[in-house]
Amino acid sequence: MLTSTNKSRPVYPGLAPRPFAQRHLIAAEGEGAAAVAELVAAGAADFAAKASILYTAGASAPSDPAGRLGALGADSLATFPSIETLLFRLDAMLATAGMGTALYVTGTEGFIGRVIALAAGHGIDHLTIAAEHRGSLARRVQCVHCKGFTENVTTSVVACSHCALPLTVRDHYSRRLGAFQGVCVNAEDPSEAPVAEEVFR
Amino acid sequence: MGIAFRTETFRDDFTFRNSPEAVRRFPFPFHEDKYMYAVNIEPHVPGPKGSATEFALDVDEHYVSELADRALVLKDDPLRCQSLPHMITAEWDFLELVMTSLTRDYPEHFALRQDGDRWHWTNRPLGIAQAFTFGDAATLPQGPMEYVGRQCQGDFCLLDQRDGNLWMDAGIITCQADWSLDFDIGMNFMEWHGPVPLAHQMGVFERALKFLLNLRLGQPVRRLNWTMTVNPRLDTSPENYPKWGTDRTTITPENVGSKLHLRVELQGLWRLPRSNAIVFSIRCYLISLDEIATVPKWTRRLARVLASLPPELAEYKGLTRFRQTAVDWLSARDDGAPTSAGCGPE
């Protein structure tokens with residue numbers, strides 16, 4: 001489901017070291033830990049010494065079971081109990097980030113979207129952010145009716161976690177919101193009983 | 001002289017109707033007996049006297065009632081009007097375009113006095129008189145785009161141009177055919193057209209974007225788009241889909257003539273002088289099948305267009321539930337005679 005004919009559907013080219021960056025700011029969630037290890041391995045000898053890693057286990061993996069991140073020798077490694085707390089720290093770091101800082105993000109799509117939306121608030125163009133999808137295909141969905149967000153959606157149809165309407169999850173994606181669009185599936189005939197299929201495992 | 005404005009509704013009791021004159025000037029969108037996407041952009045030059053394209057911005061008999069409906073939508077959902085902070089110059093450009101166009105083309109209804117930056121605006125149909133300083137948003141009751149958007153029929157998007165693309169960074173959208181400004185704001189041209197089927201593969205959007213990036217000041221362009229709407233409802237937003245979606249199951253052979261409406265969008269695009277942004281206007285015209293049936297050529301042509309529409313397009317436009325009923329009703333009034341070329345009623 002990572003390919004789509006919908007042109008608003010993001011693609012994530014993957015993490016590659018930015019050789020001329022003065023600072024590597026890396027936000028990782030869940031199984032993104034493995035992508036960070038590969039990124040550091042692919043970088044120059046001084047890559048780790050210029051790297052700050054922010055990690056949370058998030059929803060898609062228990063933690064960094066192999067302890068790979070600690071062994072990378074990064075200048076700093078901070079581990080957070082949730083995506084929200086990681087974003088709070090990242091927000092502060094971006095506020096003081098200097099010229100030549102490269103931003104990398106890896107993990108589930110909902111996490112990537114939230115980091116890119118946060119960075120946009122600091123004037124960082126999404127095209128300059130290296131992103132790699134790892135882990136579950138679960139989606140972050142915004143209900144177009146009540147505007148509430150539902151996290152870790154693996155099915156279409158899904159009940160909105162705010163207004164409870166049954167939502168079809170479209171491929172239409174808003175970078176500003178970091179979310180896919182959910183639209184009521186049986187608005188035309190509420191007597192139709194929607195069937196939820198697991199499509200974003 | 002001047003336009004006789006109707007008092008009518010676009011919700012609840014749906015008293016909207018077209019006068020016989022409004023039917024004759026309806027911007028019928030089909031120039032032949034079939035339909036497929038095309039980059040059907042043409043210069044927005046003055047059309048025939050009395051037509052919907054005679055002037056830059058068309059004001060018609062529905063003006064007062066349409067803007068009353070817009071006010072109701074905005075009261076219910078303020079997110080239908082949004083503007084990102086860097087769009088304020090484009091907002092003033094847009095205000096200038098609307099005020100100067102309306103006063104030039106409808107002097108009996110609108111007036112604008114300009115003394116340097118000190119402007120005085122009069123809108124007689126809506127009973128508005130406003131002195132303000134051009135460029136100083138604090139002198140208007142709303143932001144410039146919202147202020148003037150509440151006084152001009154049609155939805156408006158302001159498109160910023162950068163990085164070889166157009167970005168939908170502001171808009172006032174209350175009579176949309178099922179798309180969400182709140183969701184799409186900040187998207188580029190390819191992204192906000194993402195859900196449209198078939199056209200991407202045909203290269204339609206690449207060509208349209210290339211054309212629009214080169215749009216020149218003083219040389220606006222236009223195109224027509226269309227869909228169908230049950231009941232003359234302007235606000236067919238995705239936000240309110242649970243409120244109007246059930247309408248689509250109510251069409252019967254008995255009521256299709258009065259209930260089902262052809263919905264035509266006259267879309268105009270203007271380059272703006274200070275911001276280099278583009279105004280994208282989407283003006284909605286509604287006409288019932290009963291009203292179309294007063295024009296034999298349009299009846300024949302719509303019957304044939306609907307019958308031959310590709311299923312993906314019918315699905316995307318939301319016509320699937322009632323298309324056959326409409327085709328049957330129209331075809332019964334189609335004598336099989338050839339239709340003349342062009343969109344006009346004769």
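This is a predicted model: local features need pLDDT of at least 70, side-chain atom pairs count only at pLDDT 80 or more; totals for chains, interfaces and linings use all residues.
In chain A, the centres of domain 1 and domain 2, taken over C-alpha atoms, are separated by 28 Å.

**Domains of chain A**

- The domain assignment places residues 23-133 of chain A in domain 1 and residues 139-198 in domain 2.
- Where these two domains of chain A meet, 8 residues of domain 1 are in contact with 9 residues of domain 2.
- On the domain 1 side of that meeting, the residues of chain A divide into 3 nonpolar, 3 polar and 2 charged.

**Contact between chains A and B**

- Chain A contributes 19 residues to the contact between the chains, and chain B contributes 20 residues.
- On the side of chain A that touches chain B, the elements giving two or more residues are strand S10 (166-174) and strand S11 (179-184) of chain A.
- By class, that side of chain A holds 5 nonpolar, 7 polar and 7 charged residues.

**Nonpolar cores of chain B**

- The largest nonpolar core has 39 residues, and those with the most contacts inside it are Phe94(B), Val98(B), Val148(B), Leu158(B), Leu159(B), Ile278(B) and Val279(B).
- Elements of chain B that give two or more residues to this core include helix H4 (144-149), strand S6 (155-162), strand S7 (165-172) and strand S10 (278-288), while the largest share, 8 residues, comes from H3(B).
- Leaving aside residues up to four places away in sequence, Leu158(B) touches a set of residues that includes Met87(B), Ala90(B), Glu91(B), Phe94(B), Met145(B), Asp169(B) and Val279(B).
- A second, separate core of 32 residues includes Phe10(B), Phe26(B), Leu260(B) and Leu319(B).

- In chain B, 3 strands form an open sheet in the order S3-S4-S5, with antiparallel pairing.
- Strand S3 (110-115) and strand S5 (128-133) of chain B are the edge strands, each of them pairing on one side only, and the twist from one strand to the next averages 10°.
- S3(B) and strand S4 (residues 118-123) of chain B run antiparallel and are joined by 6 bridges; Ala111(B) stands opposite Thr122(B) in S4(B).

Conventions: Residues are numbered from 1 along each chain as its sequence is written. Chains are lettered from A and ligands numbered from 1 in the order in which they are written. Two residues are in contact if their C-beta atoms, placed from the backbone, lie within 7 Å. Helices (H or I, at least four residues) and strands (E, at least two) are DSSP runs, numbered from the N terminus. Ala, Val, Leu, Ile, Met, Phe, Trp, Tyr, Cys and Pro count as nonpolar, Asp, Glu, Lys and Arg as charged, and the others, Gly among them, as polar. Domain bounds come from an automatic or database domain assignment. A nonpolar core is a set of buried Ala, Val, Leu, Ile, Met, Phe, Trp, Tyr and Cys residues joined through C-beta atoms within 7 Å. A residue is buried if 20 or more other C-beta atoms lie within 10 Å of its own, exposed if 12 or fewer, and partly exposed in between; C-beta atoms are placed from the backbone. Two strands pair if DSSP finds at least two bridges between them. Axes are lines fitted to C-alpha atoms, for helices over the stretch in contact, and angles run from 0 to 180 degrees between N-to-C directions.
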